[in-house]
Amino acid sequence: MSRVEATDSHEVAGLVGSAKETKPVERARTPEPIQPGSTISLSDVRAHDGVQTFIALADRYLGELGYTEHGFRHANLVSKIAYNVLHRLGFDDRTTELGAISGYLHDMGNFVSRTMHSQTGATISYDLMRDLGMSYGEIGVVLGAIGNHEEDFGRPVNPAGAALIVADKSDVHRSRVRVSDPALFDIHDRVNYAVEHSFLRVDSEAHTLTLELTIDTELAGVMEYFEIFLSRMVMCRRAAEFLDCQFKIDINGSKLL
Ligand SMILES: [Fe+2]
Ligand SMILES: [Fe+2]
């Protein structure tokens, strides 16, 4: 069992190498064949000037539009959670790395427009991945994951994409709120700000993914949380099922799902 903490730090608790973790279980689902493979890593992707430029712009432009943080903090955290989910569930190293890459790139398209940012992000990622020398087969996995992460229409189509969905929707935390005056909070700011701790617990033996939240109910009620996150939770359930797991939510110690 392991858990991943959504903090404002780029470091995430409970990742690979923790003495508390159990070994990944053998998976029932046959891994998706990725042919031909390449050796392009998350580090290679991070080092690409275009990736760095576009993620920075995406965060800046979303800030102009009043959205919560979608920059390097979010990219790194989603990447690490997606990696951890796949690793803990026993996926092979390459699938796990592609999940991490998908997580890092998933919101880059926001610098073009918030609307359909998963589609623009996938399109832009194609050129960048080709530029790095990634194979078509692996680019297909990453683009399928990125292009399906929005709750309006996205569906898990591969393990990397399923892990990305759960990781992305798990990042609810007060550190994402940019508005400093609480009087100016909208419901998204209020709910995010109310979340003091957010953990995604991966139990590879029970086959469960549990989002554990600590919410200050003085700032936002549990109902408000579900008002804006219900569609995301439905998407998480589908993604967990794709990974042969059950999705659960625990808020302030109470199991709600
Ligand atoms: Fe997104
Ligand atoms: Fe995101």
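In this predicted model, Val-142 touches Leu-98, Ile-101, Ser-102, Leu-105, Ser-125, Met-129 and Ala-160, when residues up to four places away in sequence are left out of the count. Val-142 also belongs to the largest nonpolar core, where it is listed among the residues with the most contacts inside that core, and it takes part in the meeting of helix 6 with helix 7.

**Nonpolar core**

- The largest nonpolar core has 65 residues, and those with the most contacts inside it are Ala-82, Val-85, Val-142, Ala-163 and Val-166.
- Helix 3, which spans residues 72–88, gives the most to this core, contributing eight residues.

**Helix 6 and helix 7**

- The axes of helix 6 (residues 136–146) and helix 7 (residues 159–170) come within 8 Å of each other and cross at roughly 35°, and the crossing is right-handed.
- On the helix 6 side the residues are Val-141, Val-142, Gly-144 and Ala-145, and these meet Ala-160, Gly-161 and Leu-164 of helix 7.
- Sorted by class, this contact of helix 6 with helix 7 comprises five nonpolar and two polar residues, with no charged residues.

**Overall fold**

- The protein chain contains nine helices and five strands, which follow one another from the N terminus in the order β-α-α-α-α-α-α-α-α-β-β-α-β-β.
- Of the 257 residues in the protein chain, 45% are buried.
- Among contacts between residues at least 6 apart in sequence, 67% join residues that are at least 24 apart.

Conventions. Residues are numbered from 1 along each chain as its sequence is written. Chains are lettered from A and ligands numbered from 1 in the order in which they are written. This is a predicted model: local features need pLDDT of at least 70, side-chain atom pairs count only at pLDDT 80 or more; totals for chains, interfaces and linings use all residues. Helices (H or I, at least four residues) and strands (E, at least two) are DSSP runs, numbered from the N terminus. A residue is buried if 20 or more other C-beta atoms lie within 10 Å of its own, exposed if 12 or fewer, and partly exposed in between; C-beta atoms are placed from the backbone. Two residues are in contact if their C-beta atoms, placed from the backbone, lie within 7 Å. A nonpolar core is a set of buried Ala, Val, Leu, Ile, Met, Phe, Trp, Tyr and Cys residues joined through C-beta atoms within 7 Å. Axes are lines fitted to C-alpha atoms, for helices over the stretch in contact, and angles run from 0 to 180 degrees between N-to-C directions. A crossing is left-handed if the near helix is turned anticlockwise from the far one by less than a right angle, and right-handed if clockwise. Ala, Val, Leu, Ile, Met, Phe, Trp, Tyr, Cys and Pro count as nonpolar, Asp, Glu, Lys and Arg as charged, and the others, Gly among them, as polar.
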